Amino acid sequence: TNRIAAAAGVSIGSLYHYYNNKDEILLALLDQHTGLTRAALRRALENHAAAAIPVMLREVTLAVLRTEQDRPICAILRDQIPRVGGFARILEVHTDIIDVITFYLSARKHELRVSDVKMAAFIVVKTIDALINAFRVERAGMDPRAMEEMVDLVLLYLTGKSTHTPT
């Protein structure tokens, strides 16, 4: 609770004035965070709806990274989500984003090597999420080179083409 109050910039007493226990606080913060993440991803996709697939993948990844970087509470949420049963809320966000990515990819089906666009969207979202989390936990964040490698990995899966030029 001390870390939550410090990250939120309020006193512990203020937190318990509005919430009955730590789990309620965490779930409220998770709801706020998932709302911000969902909005950032939708904005990125709407702003790049006509963009090439590599551009869209970069922008979606950057939207997630910016949401995480701008909110110090994210580290606490990552640690506590399993304890408070927050996975259902995360899955709702993933489902929403998978639907949006499916719509985006459906409009570019002629560019894809994959035939099942819904499955491809699922794989893309889960791959990006897993790699962002792995970099966060194991490498203290994702640098631009790592992000480009991730985009290339997903692009190769989707299109069979790479953004890298042979050396």
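This is a predicted model: local features need pLDDT of at least 70, side-chain atom pairs count only at pLDDT 80 or more; totals for chains, interfaces and linings use all residues.
Side chains of opposite charge can pair when their charged atoms come close. Across the whole structure, the search finds 4 salt bridges, and those described below involve residues of helices α3, α6 and α7, including Asp96 of α6 and Lys118 of α7.

## The network around Asp96

Three residues, Arg38, Arg42 and Asp96, are joined in a network of salt bridges. In one of these pairings, Asp96 bonds with Arg38, and the closest N and O atoms lie 3.0 Å apart. Because Asp96 belongs to helix α6 (residues 87-106) and Arg38 to helix α3 (residues 22-47), this pair ties together parts of the chain that are 58 residues apart in sequence.

Asp96 also meets the side chain of Arg42 in a salt bridge, with an N to O distance of 2.5 Å. Here again the partners come from two helices, Arg42 from α3 and Asp96 from α6, so the pair ties together parts that are 54 residues apart in sequence.

The side chains of Lys118 and Asp99 form a salt bridge with an N to O distance of 2.5 Å. This pair links distant parts of the chain, since Lys118 sits in helix α7 (residues 117-139) and Asp99 in helix α6, 19 residues apart. Both residues fall into the partly exposed class: Lys118 has a relative accessible area of 41%, while the value for Asp99 is 37%.

## Helix α8 and the residue after it

Helix α8 covers residues 144-159, which makes 16 residues, and reaches 22 Å from its first C-alpha to its last. That span is close to the 22 Å expected at 1.5 Å a residue.

Several positions along α8 are buried, namely Ala146, Met147, Met150, Val151, Asp152, Val154, Leu155, Leu158 and Thr159. Just after the helix comes Gly160, whose phi is positive, at about 80°.

Terms used
Residues are numbered from 1 along each chain as its sequence is written. Side-chain values use heavy atoms; hydrogens and water are left out. Helices (H or I, at least four residues) and strands (E, at least two) are DSSP runs, numbered from the N terminus. The expected span of a helix is 1.5 Å times one less than its number of residues. Buried means under 20% relative accessible area, exposed over 50%, partly exposed in between (1.4 Å probe, protein chains only).
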